[in-house]
Each structure stands twice: as C-alpha cells, then as structure tokens.
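These notes go through the model point by point, for a reader new to protein structures. Please keep the structure open while reading.

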Amino acid sequence: MKLLNGEILANKKYGENLYKLEVFSPYICRNCLPGQFINIKCAYEGMLDPLLRRPFSIYEIDKKFNVFSVLYMVKGKGTDFMARLVKGGMLDFIGPLGIGFKADEEIKNYLLLGGGIGIAPLSLIAKELMETGKNIFFLAGFKDEAFFLWERDLIKIARNYKIFTENGSFGQKGIPSVYLKENMHLYKNYKLVVCGPKEMLKNIQGILRDFPGIAADALMEERMACGIGVCMGCIIKIKKSPGGFEYKKVCTDGPIFNLMEVIFD
Ligand code: FAD
Ligand code: FES
C-alpha cells in the first residue's frame with residue numbers, strides 16, 4: 001500500500017450520476033488484486049473539506065498501458081468533487097487496500113451477483129475468474145437504465161449473464177434475488193460472490209440458509225474513515241462459534257467476508 005499520485009486520463013460520464021475515472025498508475029496495475037480498493041482524496045491541495053478520503057473498488061486494470069479505472073456513482077460531496085476532475089489532472093490516492101479476492105481451486109463454477117454499483121468490484125473478479133478457466137454466470141440488478149453502458153464492458157468478460165431493472169427499462173423487469181430464489185436449483189454447484197446494498201446481501205443470506213452446501217463471499221462496503229485499520233470506523237460483526245461474534249474491520253480484514261457469517265444488525 002502506498003500514497004500515490006496518478007495522472008487522470010479520462011473521467012467519462014457513464015450514465016445518470018455514474019462516471020468512469022481512468023488513471024495512469026504502473027504501481028496499482030502491478031500490485032492490485034481484484035476486490036481491493038483505493039482511498040481517494042476528494043479535495044484540492046490545501047483544502048480540508050471533505051477531510052476524509054473516500055473508498056472505491058478497482059473496476060478495471062489494463063496492464064499493457066498501466067491504466068486502472070474506477071466506476072463511481074455521485075452520492076455527496078466527495079463524489080461530486082470526483083465528477084469534476086478532468087483529463088490531465090492528478091489523482092491523490094492510497095492503495096491498493098484490503099485483502100484481494102482469491103479463487104477457490106476446488107470450485108469450477110462461480111455465480112456473481114451485483115446490485116447497483118456493487119457490480120464494480122465484481123467486474124474485475126469476473127475477469128480474473130474467466131482468465132483462470134472458471135465458469136461464471138453474472139447476475140446484475142439496477143433501479144433503471146443508468147448502467148446501460150456497463151453491458152458493453154461486461155460482454156468483453158462474460159457471455160453468460162442476466163440483467164434486471166426494477167422498472168424494466170434495461171434487461172428484464174425484476175430483481176436478481178427473486179430470480180435467484182426461484183432458480184437456486186440451477187446453481188447448486190456454484191460458489192456465489194455478491195456485492196451491493198445491505199438489504200440485498202441480507203436477502204441472499206436468507207435464501208442460502210435453505211442451501212447449506214453453497215458457499216458465498218460478500219464484498220462489504222461499510223462507510224470508512226482511515227481505510228488502513230486505525231480508526232475502527234468500518235467494523236462489522238462476524239459470527240464466531242459457538243453462538244458468539246467478533247468485530248472485524250472491513251478495510252483491513254475485508255472487504256471480502258463469508259456471507260453466511262456476516263451479522264446484519
Ligand atoms: P457522502 O456525502 O459521504 O454521503 C452521501 C450519501 O451516500 C449518504 O446518504 C451516505 O449515507 C451514503 N454513503 C456514503 N458512503 C456509503 C457507503 N459506503 N455505502 C452506502 N452508502 C454510502 N462507490 C462507488 O460508486 N464505486 C465503487 O467502486 C465503490 N467501491 C467501494 C468499495 C469499498 C470498500 C467501500 C467501503 C465503498 C465503496 N463505494 C463505492 C462507496 C463510496 O465509497 C461512497 O459512495 C462514497 O464514499 C460517498 O462519498 P460522498 O462524499 O460522495 O458521499
Ligand atoms: Fe478506519 Fe477501517 S476505516 S479502521
């Protein structure tokens with residue numbers, strides 16, 4: 001992990017409130033694993049608001065040209081600052097952070113399930129899985145067609161996928177967790193990797209209780225402050241047998257956890 005500055009090569013609008021930021025960084029391209037994230041300074045030099053860096057997953061890595069990208073949604077002050085960054089400027093960030101994703105050698109089939117911007121880290125994980133010869137199926141769910149362009153990136157990685165939108169404006173009308181519940185029998189020999197809103201993760205945990213043999217990793221996106229394990233701002237509860245729990249830091253113990261061990265309060 002290093003404090004880095006990378007030249008911004010593009011900051012493209014990708015949909016409603018959605019942007020793709022491309023940054024030149026040989027260090028990140030050499031050292032970052034899928035599932036890891038960076039902590040971006042969202043204020044100009046000398047300005048203190050917002051004070052805290054903001055965490056973002058690595059979305060793509062192009063090792064040939066030493067370029068990585070982040071796909072982000074504008075939510076508040078920090079991401080509003082990011083949306084105004086322009087080509088040629090410098091991005092101040094720390095990374096790579098967190099523990100990266102490692103595929104399970106024993107498992108051949110992976111079902112990736114992303115809700116909203118949760119598809120960002122899963123896209124790089126999907127690419128890694130395809131490159132290591134795994135079979136993947138990607139399920140994605142969005143509110144509306146804001147993520148329309150993402151399908152163009154996805155088909156470069158995966159041919160087996162289903163996209164749902166709540167209003168039916170892009171892909172099929174519906175939500176992936178409902179589809180999963182009705183079709184779980186098709187995925188009995190898959191491992192799940194999921195990322196998205198907490199409510200979605202909780203639903204999937206509930207569905208999987210009826211399928212005790214199926215393993216699932218969840219990428220947790222708690223709000224963070226330091227991003228490096230110091231402030232305890234990102235702790236979650238993880239089940240610890242028998243019957244107890246322990247606190248884990250999403251930034252340094254995660255962001256990937258066994259979904260069935262996460263306690264959602
Ligand atoms: P703020 O002003 O801080 O908050 C605006 C609103 O967004 C508030 O309602 C707040 O409650 C909500 N919010 C802020 N942070 C989160 C969060 N972590 N989860 C849910 N709601 C939040 N976002 C992306 O767009 N792309 C990514 O690839 C991505 N990867 C992430 C990886 C990790 C490990 C984590 C922890 C978060 C990730 N996020 C990602 C979420 C992103 O960090 C937040 O959206 C961002 O920090 C919001 O900053 P802001 O200053 O714009 O909003
Ligand atoms: Fe500070 Fe995780 S964000 S300990």
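1. The shell around ligand 1. Strand E4 (54–57), strand E6 (67–73) and helix H2 (77–83) each contribute at least two residues to the shell around ligand 1. Note that this is a predicted model. Of the 22 residues around the ligand, the ones that come nearest are Tyr72, Gly76, Gly78, Thr79 and Ala120. Sorted by class, the shell has 12 nonpolar, 4 polar and 6 charged residues. Domain 1 (2–97) and domain 3 (223–265) each provide at least three residues of this shell.

2. Overall make-up. The protein has 7 helices and 17 strands. Its radius of gyration is 18 Å, close to the 18 Å that the globule rule gives for 265 residues, so the protein is as compact as a globular protein of that length. Along the principal axes, the C-alpha trace spans about 55 × 40 × 35 Å.

3. Domains. The domain assignment divides the protein into domain 1 (2–97), domain 2 (109–219) and domain 3 (223–265). Taken over C-alpha atoms, the centres of domain 2 and domain 3 are 22 Å apart. Their contact takes 11 residues from domain 2 and 8 residues from domain 3. On the domain 2 side, H6 and E13 each supply at least two residues. Which element gives the largest share of that side? It is H6, with 6 residues. By class, the side of domain 2 that touches domain 3 has 7 nonpolar, 1 polar and 3 charged residues.

4. Strands of a sheet pair through backbone hydrogen bonds, either parallel or antiparallel. Here 7 strands form an open sheet with mixed pairing, in the order E11-E10-E9-E8-E12-E13-E16. Strand E11 (172–173) and strand E16 (256–258) are the edge strands, each pairing on one side only. Strand E10 (residues 161–165) and E11 run parallel and are joined by 2 bridges. Within this pair, Thr165 stands opposite Lys173 of E11.

5. In the order E15-E14-E17, 3 strands form an open sheet with antiparallel pairing. Why is one side of strand E15 (244–249) and of strand E17 (262–263) left without a neighbour in the sheet? Both strands stand at the edges and each has a single partner strand, so one side of each has no neighbour there. Strand E14 (residues 235–240) pairs with E15 in the antiparallel sense over 6 bridges. One bridge to look up is that of Ile236, whose partner in E15 is Lys248.

6. Backbone details to check. The peptide bond from Gly95 to Pro96 is cis, with omega near -5°, and Pro96 lies in strand E7 (residues 90–97). Gly254 and Pro255 are also joined by a cis peptide bond, with omega about 10°. Pro255 is placed in the loop between helix H7 (250–253) and E16. Asn17 is not a glycine, yet its phi is positive, about 60°. Asn17 is found in the loop between strand E1 (2–15) and strand E2 (18–24).

Note on methods: Residues are numbered from 1 along each chain as its sequence is written. Chains are lettered from A and ligands numbered from 1 in the order in which they are written. This is a predicted model: local features need pLDDT of at least 70, side-chain atom pairs count only at pLDDT 80 or more; totals for chains, interfaces and linings use all residues. Two strands pair if DSSP finds at least two bridges between them. Helices (H or I, at least four residues) and strands (E, at least two) are DSSP runs, numbered from the N terminus. A residue is near a molecule or strand if its C-beta atom, placed from the backbone, lies within 6 Å of it. Ala, Val, Leu, Ile, Met, Phe, Trp, Tyr, Cys and Pro count as nonpolar, Asp, Glu, Lys and Arg as charged, and the others, Gly among them, as polar. Domain bounds come from an automatic or database domain assignment. Two residues are in contact if their C-beta atoms, placed from the backbone, lie within 7 Å. The radius of gyration is taken over C-alpha atoms; the globule rule is 2.2 Å times the number of residues to the power 0.38.
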